[in-house]
Amino acid sequence: GAMQLGELAAAFASLPVFPLFDAAYFIVSILYLKYEPGAVEMSRKSPFASWLCAMLHCFGSYILAGLLLGEPPIEYFSNNSSVILATAVWYLIFFCPMNLFYKCVSFLPMKLVFVAMKEVVRVRKIAAGVHHAHHLYHHGWFVMMATGWVKGSGVALMSNFEQLLRGVWKPETNEILHMSFPTKASLYGTVLFTLQQTHWLPISEANLIFFFTMFMIVCKVFMTATHSHASPFAPVENLICPVFFGSVSSGHASHHHDHQHGASHEVSHPSPPPAKSKEELNEGTRKRKAKKAE
C-alpha cells in the first residue's frame, strides 16, 4: 500500500500542467477579474488596460518572484504559448458573443472543476519556487519561503497595483493586512516545502505535493461551492495566536472607549442658541430696511 501510494504521488507530481491545468488556472483567475466592479466597462473603454490586468492575474506570481531573485520580471512573457493561451482566455471571457464562454465556465459544476485544477498549479508553483530559491541560496530559508509564497499568491499580493491599472485605489484591501485563504495557505505551504527541501521534514517532495494539493482542492472547492469566506485555519489560529501574540483585553478596550467618550464630552461644542421666532425675524428685517433708508 505504501508502495502504491508513493507511485501514485510520483505520477501525480510528474503530471504536466500545460495546457489543460494552465488553461483552468487562467480561466479562474480572469473570472475573478471580471467579477471586480467596473472590470467589464473598462474592457470596453480600454481593452489594453483590461489585458494588462488579466496578464497580472495570470502571471503576477512570476513577476514578483523574478523581482525577489534579481531576475528579469518580464522573463516569463517569453513563454509565447502561455501568453497566447492566457490572451485567448481573456478575450473569450470578456468578448465572446452573447457571453457564451463566460456562462459555460462560470456554471458552478464546471467552475468547481477549474478551481480544483487551479490548486494543482498553485501547489506546483510553490514547490518550484522553493526549489529554485534553494538552488540559488542553499541556506537561505527565508529566501525560499518568500519565493514560494509569492509564487503561490503573487496575484493577491499585487492586487493594489492591479487596482491602479483599473483606476481604483483601495489601500485598505492590502492583502498582507487582510490575508485571504489562498494567501495564508500558500504561506503555510511554503514553510512545509522549505522544511522538506532542507531535509527537516522527513517526507518526499512528491508525497508533500500530493497531500498538500489534496488539502487545497478540498478546502477551495468546498469554499467555492458554499460561497464561504471563512478560513479553515481560523479555529487553530484563534487558539494559538492569543497565547503567542496576546490579544486586546475587554477591560482595556472599555477603558479606552470610556476615555474617548469622556474626551468627546470635554471638547464638545456648546449647544446652538434657540431659533428665533417668525415675528422676531420680521422685526429684524424691518429695522435693517429702516437703517438702510436712513
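## Model confidence

In this predicted model, confidence in the protein chain is highest in helix 5 (residues 80–95), at 97, and lowest in helix 13 (residues 250–266), at a mean of 45. These values are pLDDT, the predictor's confidence in each residue, from 0 to 100. Helices are DSSP runs (H or I, at least four residues), numbered from the N terminus. Over residues 250–274 the pLDDT is below 50, and beyond near neighbours in sequence this stretch has one contact (heavy atoms within 4.5 Å) in the model. The chain averages a pLDDT of 86, with 83% of the residues scoring at least 70.

Residues are numbered from 1 along each chain as its sequence is written, and side-chain values use heavy atoms, leaving out hydrogens and water. Local features need pLDDT of at least 70 and side-chain atom pairs count only at pLDDT 80 or more, whereas totals for chains, interfaces and linings use all residues.

## Largest pocket

A pocket is an open set of points on a 1 Å grid over the protein atoms alone, with protein on both sides within 12 Å along at least five of seven lines; lining residues have an atom within 4 Å of a point. A volume is the space filled by probe spheres set on the points, which are joined across faces, edges and corners.

The largest pocket holds about 1200 Å³ of space. Its lining consists of 39 residues, and those nearest the centre are Tyr32, Glu36, Ser180, Pro182 and His229. Elements giving two or more residues to this lining include helix 2 (20–35), helix 4 (47–68) and helix 7 (108–136). Helix 8 gives the most, with five residues. By class there are 14 nonpolar, 15 polar and ten charged residues; Ala, Val, Leu, Ile, Met, Phe, Trp, Tyr, Cys and Pro count as nonpolar, Asp, Glu, Lys and Arg as charged, and the others, Gly among them, as polar.

## Second largest pocket

About 170 Å³ of space lies in the second largest pocket. Helix 4 gives the most to its lining, with three residues, and helix 8 supplies at least two. Among the lining residues are Tyr62, Ala65, Gly66, His132, Thr147 and Lys151. The classes are six nonpolar, three polar and three charged.

A cavity is a set of grid points where a 1.4 Å probe fits but cannot get out. There is one cavity of 30 Å³ or more, and the largest cavity has a volume of about 50 Å³. Asp22, Tyr25, Phe26, Cys58, Phe59, Tyr62, Tyr76, Val121 and Lys125 line the largest cavity. Helix 2, helix 4 and helix 7 each give two or more residues to this lining, which has seven nonpolar, no polar and two charged residues.
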